[in-house]
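Subject: Structure for your review

Dear colleague,

Please find the structure below, followed by a summary of what was found in it. I would be grateful if you read the notes with the model open beside them.

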Amino acid sequence: MDRYRFILALTLSLLVLVLWQVGMRYFYPPQPQPELAEILSSPPERPPVIPKPTAPPPQLPLAQTTSTPQREIEIVTPYWRARFSNKGAVATSWILDKYKMGGVERRITAADGKDLELIPTDAIEKLGAPFSMRLPWVPELATQLNQATFQVSAAADQKRIELTPGQELELTFTYSSPGISARKTFKFRGEGFVVDVTAQVTSSSGDQRVELLLGPRIGDQSDKRASGSYSTPPQVIAYNNAGSREAVISKKITPQVAKIVAVDSGSHRIQIDKPLAEGVDEIKIVAGDEQVLLGYARVLSHEGGALTLQSLPEGTSAGNGVAQASDNIRHGYRWVGLVDHYFTMTAIPDLPIDEATLTNVTLKDPADDKVSHDYPSVAVPVRSDSVTHIFVGPKDRKLLAEVGHGLGVDLEALIDYGFFHFMVRPIVPVIGWALDGLAGVFHNYGWSIVGVTFVINLCLSPLRFYSSRKMKQAAKHQPRLKELQERMKKLKESPKKSEKEMLELQKEQMALMKEANPLGGCLPMLLQMPIFWAFFIYLTISLDVRHAPWILWLKDLSTADPYHVLPIVMCVTMIGQTKLTPQPATADPSMKMQRLMMTWLMPIMLTWFFFLSAPSGLVLYWMVSNVVGVVVQLVINKITAEPEASAGDGAKSEKSGKKGPPAAKRRTLEKEVVGSVK
């Protein structure tokens, strides 16, 4: 049994380590380095010669601006407040104040305790603001419209408009110039987190395809922690018509594909070390390991590695990186959203969309040059004859279910339930109901986690009892199984002579294994995994646990224990639980080493690699689960303990320090003595 448990644990451990390495390589691929032999053997490179362009780049007409003065309008509802600018008709600020769950309103704050700003206000001037236009057929026109000042049809003299539940407001931004007209309409409501949007751009050639920008980087802008194993990196989530969820993390959007080896500023020409893919008509140029965006440029022509650009971003030089300006995902999509760990901006059109355009820029943190953050965004098609609903708010499970039900879509798919989502997703509401119920009693989510964990482990104690009994049976029969294996090994030397005896030994072996099935001890552990995983998912996505204190130094159950007290205690309880688990006696040095690794090395490694940085609410759950498991195991060990001999020669010999014969042998001797007397 011990061997089976060790193989299972070792396999799971190796699987975790391999998946960790694969994941790190997937999310943070290593940069290729030239071999030293190649550097030494290669001759010095000459500066490449860039061929002169055969024709000057075409000059496209630019839209004229209006004389409308620039202004901002603030929309205030009971749950959020947003600020819109008529320069480009975009949102420049979006602050969440609170949300309602179970009829109770709960306030939301940022990681620094201040107002929760979802838009990176310091980056929108460079990257674009939410609801900026993208016109795939005439990108230059989109650039001009995003800088133009629009006229506001409603609330012309108001800077702040407050909406109460039941009230609605339609805000229309219009722009017109010779041959060009543009319109964006926003419909706000005093309750909820959904804004209805329509858009239209008409030029002399007819109506243009309009895409509106979601992002960049929607989420708590004060939270500057790097995304780790227990956090969701910024990413784009799309839900297609087939009912499948597609996710693209920011690191995989528009990665660098080439480097600039020479620049001709006069003719707006650059030479790159690798040719661009066919169909790329716009690039972005970055410096400093993709952490400094120099700008975007239209590609007028390219032949091999020689590119002619419409304009050259300032600061472009040899050594800069080149990437596609955007990527596309193409399918029939029911909704597309930009998410982080807790918040989202998602577009749900009345009519399915055929594609979405993804962009990403990596920028250094203004406060720390050693830290960089991704700023992804997604542009979705928006029509004038069909409404697109924009949800801006928290990824609360109940709120998403309510909004999705009203719009006829499954918005709860914004939450990543993991690979076993089909088993975990139904369990999460039960855990949430239990935690909310106890939180109403204790008024503290830390003690609520303790109470629910205690109840779960008591409910699972019959499985622990079954597992412990199977392990003890396996340990009891192990010597006999080993003896049978040795005898069968000897009989294999002459199989024809010992065929009958071999068959009898095999039957006995099968009977013993059936009585003490090694998998019987592991199966209950596997049955508990969906519950454990559902608890993990809930604690890492719940807004109730976010910023919720427990005791003393633990002020936020969604962040790691600053002093590592909980992980250390959890490690000790893991070791204690392993030592209390029934194990067969053995004199084999290799088996002893395996037990040593399972008892000491594995808990320490798991704590070091996974639990030191885990949210303290999750560590609290594992710790309490281990403590309850230790107590339950002590009770089980006492119940299933083998009865000791209390009479006869065996007991006397134990008192005298000498071992008496086993009970079965004693009874045989007694019968022989009685028979001889007769």
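Two strands pair if DSSP finds at least two bridges between them. Strands (E, at least two residues) and helices (H or I, at least four residues) are DSSP runs, numbered from the N terminus. With these terms, Glu 303 stands opposite Ala 306 in β21. Strand β20 (residues 292-303) and strand β21 (residues 306-309) run antiparallel and are joined by four bridges.

This is a predicted model, in which local features need pLDDT of at least 70 and side-chain atom pairs count only at pLDDT 80 or more, while totals for chains, interfaces and linings use all residues. Residues are numbered from 1 along each chain as its sequence is written, and side-chain values use heavy atoms, with hydrogens and water left out.

The barrel

Which strands close into a barrel? Six strands do so, in the order β17-β18-β21-β20-β19-β22, and their pairing is antiparallel. From one strand to the next, the twist averages 45°; axes are lines fitted to C-alpha atoms, for helices over the stretch in contact, and angles run from 0 to 180 degrees between N-to-C directions.

The salt bridges

Side chains of opposite charge can pair when their charged atoms come close. A salt bridge is a side-chain nitrogen of Lys or Arg within 4 Å of a carboxyl oxygen of Asp or Glu. The structure holds 25 salt bridges.

One of them is formed by the side chains of Arg 160 and Glu 74, at 3.3 Å from N to O. This pair links distant parts of the chain, 86 residues apart: Arg 160 is in strand β9 (residues 160-162) and Glu 74 in strand β1 (residues 72-76). Arg 160 counts as partly exposed because its relative accessibility is 43%, where buried means under 20% relative accessible area, exposed over 50%, and partly exposed in between (1.4 Å probe, protein chains only).

Another salt bridge joins Glu 168 and Lys 187 (3.5 Å, N to O). Glu 168 lies in strand β10 (residues 168-177) and Lys 187 in strand β11 (residues 180-189), so the pair ties together parts that are 19 residues apart in sequence.

The side chains of Lys 251 and Asp 374 also meet in a salt bridge, at 3.7 Å from N to O. Lys 251 sits in the loop between β16 (245-249) and β17 (256-264), and Asp 374 in strand β26 (residues 368-381), 123 residues apart. Lys 251 is partly exposed at 35% relative accessibility, whereas Asp 374 is buried at 7%.

Yours sincerely
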